[in-house]
Amino acid sequence: MFRKILIANRGEIAMRIIRCCHEMGIDTVLAYSWEDRDSMAVSFSTEAVCIGPAPAARSYLNQDALIAAAKAYHCEAVHPGYGFLSENADFAEACEKNGLVWIGPAADMIRQMGDKQSARSLMKKNGVPVVPGSDGLVADPKEAALVAEKVGYPVLLKATAGGGGRGMRVAQDADELEDAFREASSEAESAFGDGSLYLEKLIVNPRHIEVQIMGDSQGHICTLGERDCSMQRRNQKLIEESPARCLNQRQRTALYKAALRAAKAAHYVSAGTVEFVLDHSGQFYFIEMNTRIQVEHSVTEMVTGIDLIREQIRVASGLPLSFKQSDVRLQGHAIECRINAENPEKNFAPCPGTISFLHMPAGFGVRVENALFPGCRVSPYYDSMIAKLIVHAPGRLAAIRKMRVALEEMTVEGIDTNINFLYLLMFNRDYMMGNFDTSFLARDTGTLVRWDEESRKKFGRKAERKDRA
């Protein structure tokens, strides 16, 4: 087992990894930017080293600085968390070349799965259903138009190097295709340094379902249940839950088998996620594979009782998985809300600033992942997510009620957050009944962001506490 690990990340995921490492008797070295010098993660890590100024390009994305820090502090391995360089095959390769163990899948695996068109081709070859679309990249709008005519409009143009909803554009008809192509390509080039696109038939208003997998170097691969991530705003997940209420047992079994075929085709090692869309007829299609731990991994941990970060570290050290497929049992229902520093009443504008008062919920079945404390500064330089609130209960409605109570208790003052927005959502009839898809928030956001007199009367104590604040 490793003696010391470099953590190439920040915020709540850095704290999550630090805690896990310390439980395992492993020392940590946190690589941080000057902006994060007073962060909780810096205080709790065994050691910490500043690797650059606030902009991520000069710190958290600075591969040379990260490797130099790992070597200077005699680290044996690097954990990238999620985001930043976590799916960067070149960085994984550079770590390996410098004698550092990469806590994640091998560089070749990241490269193959990170190229969305390459991953799509591999899935087709191994019998995993994929969305109808181009057989390869589409070179220009003219070629895209030919494929679109074949599969039928509407279509989705996607960056082959993309992720996080960037480099994607919808074309409803031939008139929109050329502009959509140029916009998607330009955004992809800016975000990922690669403007290459492929084209898929747009599955209108699907459910977004993903399967958590974990593999080791001995060839064992297990599925750890699914998550419903359909509650999204601008292609960014906001609420995740497990299990997915929309699946019956036949669909669930077929989904797990497809995810296993996908993982085995890639000879996958470490934690990963196979993502699918589910159309209104109940047919599912592979869309991509994420080669890292995900923000929403906590949901899976709550229903399985398996520590995914711990398994990642064990597998990277050469140990086999600590469980077999027959050991995986989904118990109860878990829901996660992403707490963001943003103002829903101002079109979700980011709200950096200093937290003046903080109270986090607790109790049976309540988990909060964060790196916040009174007086800490929420930076404008990084993602607006500041915490994750996860609850676990015997059933879905019980979990929703628990989430209401937890959100009611959660207090963050000094900055704007989406806590009240999420609280209102927990009372939405369609959400409670499970009648939602990826378009839900785009349709209904306007009715959820208003904290009007009717809301104040309906939601009692939460409204009173908001007035006091």
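Close-up 1. Arg182 counts as partly exposed because its relative accessibility is 47%, and partly exposed here covers the range between buried, under 20% relative accessible area, and exposed, over 50% (1.4 Å probe, protein chains only). Glu178 is partly exposed as well, at 42% relative accessibility. Their side chains meet in a salt bridge, 2.9 Å from N to O; the term stands for a side-chain nitrogen of Lys or Arg within 4 Å of a carboxyl oxygen of Asp or Glu. In general, an α-helix has 3.6 residues a turn, so residues three or four places apart point the same way.

Before the next view, a word on the model: it is predicted, so local features need pLDDT of at least 70 and side-chain atom pairs count only at pLDDT 80 or more, while totals for chains, interfaces and linings use all residues. Residues are numbered from 1 along each chain as its sequence is written, and side-chain values use heavy atoms, with hydrogens and water left out.

Close-up 2. One partner is Glu301, whose side chain meets that of Arg16 in a salt bridge (2.7 Å, N to O). Arg16 lies in helix 1 (residues 11–23) and Glu301 in helix 10 (residues 297–304), so this pair ties together parts that are 285 residues apart in sequence. Helices here are DSSP runs of H or I with at least four residues, strands are runs of E with at least two, and both are numbered from the N terminus. Both Arg16 and Glu301 are buried, with Arg16 at 8% relative accessibility. Another partner of Arg16 is Asp307, with the closest N and O atoms 2.8 Å apart in their salt bridge. Asp307 sits in the loop between helix 10 and helix 11 (308–316), so this bridge ties helix 1 to a part 291 residues away in sequence.

**Close-up 3. A negative patch features Asp173.** Asp173, Asp175, Glu176 and Asp179 form a negative surface patch. To join a patch, a residue needs over 30% relative accessible area and no salt bridge; like charges are then joined within 9 Å, and nonpolar side chains (Val, Leu, Ile, Met, Phe, Trp, Tyr) within 5 Å. The areas come from the Shrake-Rupley method with a 1.4 Å probe, and for residues only the protein chains shown count as cover. Asp and Glu count as negative, Lys and Arg as positive, and His and the chain ends are not counted. Each charge is placed at NZ of Lys, CZ of Arg, CG of Asp or CD of Glu. Asp173 lies in the loop between strand 7 (166–171) and helix 8 (174–192), and its 32% relative accessibility makes it partly exposed.

Close-up 4. Is Lys158 buried or exposed? At 10% relative accessibility, Lys158 counts as buried. Lys158 belongs to strand 6 (residues 155–163). Apart from neighbours within four places in sequence, Lys158 is in contact (heavy atoms within 4.5 Å) with Gly167, Met168, Ser196, Leu197, Tyr198, Glu200 and Ile287. Lys158 and Gly195 are 37 residues apart in sequence, and their C-alpha atoms are 9.6 Å apart in space.

**Close-up 5. Two prolines follow cis peptide bonds.** Most residues other than glycine have a negative phi, and most peptide bonds are trans. Tyr153 and Pro154 are joined by a cis bond, with omega about 0 degrees. Pro154 is in the loop between helix 7 (141–151) and strand 6. Another cis bond, again with omega about 0 degrees, links Ser242 to Pro243. That proline, Pro243, lies in the loop between strand 11 (236–242) and helix 9 (249–265).

**Close-up 6. Two asparagines take a positive phi.** Asn235 is not a glycine, yet its phi is positive at about 65 degrees. Asn235 is found in the loop between strand 10 (221–233) and strand 11, and is partly exposed at 42% relative accessibility. Asn347, also not a glycine, has a positive phi of about 60 degrees. Its loop runs between strand 15 (342–343) and strand 16 (349–350), and at 54% relative accessibility Asn347 counts as exposed.
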